[in-house]
Amino acid sequence: MKDKRSVSVVIPAYNEEQSLEELYSSLKNVLGRIAGKYEFIFIDDGSSDESLEILHSLREQDRSVKIIAFQRNQGKSAALSEGFKAARCDYVVTIDADLQDNPDEIPEMIEMLEEGADLVSGWKINRQDPLTKTIPSRIFNLVTSTVSKVKLHDFNCGFKAYRKDVVKNISVYGELHRFIPVLAAWEGFRVTEKKVTHF
């Protein structure tokens with residue numbers, strides 16, 4: 001199964017010079033164990049630090065690293081949209097570049113896709129953020145779940161896994177990255193969630 005499995009990892013990054021090398025190393029270790037083919041698609045969202053230079057250094061070492069660079073900050077939806085267009089593998093994982101998510105959870109997310117899900121959304125069960133973020137997030141999740149009838153606990157988690165068909169059939173722009181599970185469900189895709197660790 002490993003030899004036939006292919007995974008694209010889409011990573012939006014904005015001023016993440018301190019975390020990129022560690023994230024890449026962790027992702028490389030995980031994907032090397034579970035996939036025969038993989039690629040890392042970094043979208044530099046107009047960073048003003050050394051992020052882009054670090055990405056080019058990683059690219060020189062590893063041709064599975066792909067880079068999309070914006071001239072100015074365009075936001076997460078634009079970054080994900082370009083990453084989705086570039087993805088070539090059967091499964092697509094999105095993960096933020098700030099080391100708040102654990103790449104070791106990717107294998108189980110991929111297994112959930114192979115068992116029948118089309119989109120697996122991370123659920124930060126023990127979110128390590130201040131109340132000024134967690135309370136508005138809880139309200140947003142409750143309202144979004146109630147209105148959309150999509151029963152998830154954490155729509156806003158950037159850590160997700162998809163079958164390729166999902167990312168090729170939804171349009172993400174503006175602030176729609178927050179509603180990707182809703183967009184997917186409305187297109188008839190099977191959406192579920194997985195509890196994930198939040199650092």
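1. Strands here are DSSP runs of E with at least two residues, numbered from the N terminus. In this predicted model, Glu-39 lies in strand E2, which covers residues 37-45. Is Glu-39 buried or exposed? Its relative accessibility is 5%, and buried means under 20%, so Glu-39 counts as buried.

2. The surroundings of Glu-39 come from several parts of the sequence. Leaving out residues up to four places away in sequence, Glu-39 touches Val-7, Ser-8 and Val-9, then Ser-64 and Lys-66, and also Ala-86, Ala-87, Arg-88 and Cys-89.

3. Asp-96 sits in the loop between strand E4 (91-94) and helix H4 (106-114). With a relative accessible area of 17%, Asp-96 falls under the 20% cut-off and is therefore buried.

4. Which residues does Asp-96 contact, apart from its neighbours within four places in sequence? They are Ile-11, Leu-23, Lys-76, Asp-101 and Gly-158. With Lys-76 there is a side-chain polar contact of 2.9 Å. Ile-11 is 85 residues from Asp-96 in sequence, yet the two C-alpha atoms are 5.7 Å apart in space.

5. An α-helix has 3.6 residues a turn, so residues three or four places apart point the same way.

6. The crossing of H1 past H2 is right-handed. On the H1 side the residues are Leu-20, Glu-21 and Tyr-24, and on the H2 side they are Ser-51, Ile-54, Leu-55 and Leu-58. By class, this contact has five nonpolar residues, one polar and one charged.

7. A last point concerns cysteines. Cys-89, which touches Glu-39, is buried because its relative accessibility is 1%. Cys-157 is also buried, at 1%. A disulfide is a covalent bond between the sulfur atoms of two cysteines. How many disulfides does the model have? The count is zero, taking a disulfide as a pair of cysteine sulfur atoms within 2.5 Å.

Note on methods: Residues are numbered from 1 along each chain as its sequence is written. This is a predicted model: local features need pLDDT of at least 70, side-chain atom pairs count only at pLDDT 80 or more; totals for chains, interfaces and linings use all residues. Side-chain values use heavy atoms; hydrogens and water are left out. Helices (H or I, at least four residues) and strands (E, at least two) are DSSP runs, numbered from the N terminus. Buried means under 20% relative accessible area, exposed over 50%, partly exposed in between (1.4 Å probe, protein chains only). Contact means heavy atoms within 4.5 Å. A polar contact is a pair of N or O atoms within 3.5 Å; within protein, one must be able to donate a hydrogen and the other to accept it, and residues adjacent in sequence count only if both atoms are side-chain atoms. A crossing is left-handed if the near helix is turned anticlockwise from the far one by less than a right angle, and right-handed if clockwise. Ala, Val, Leu, Ile, Met, Phe, Trp, Tyr, Cys and Pro count as nonpolar, Asp, Glu, Lys and Arg as charged, and the others, Gly among them, as polar.
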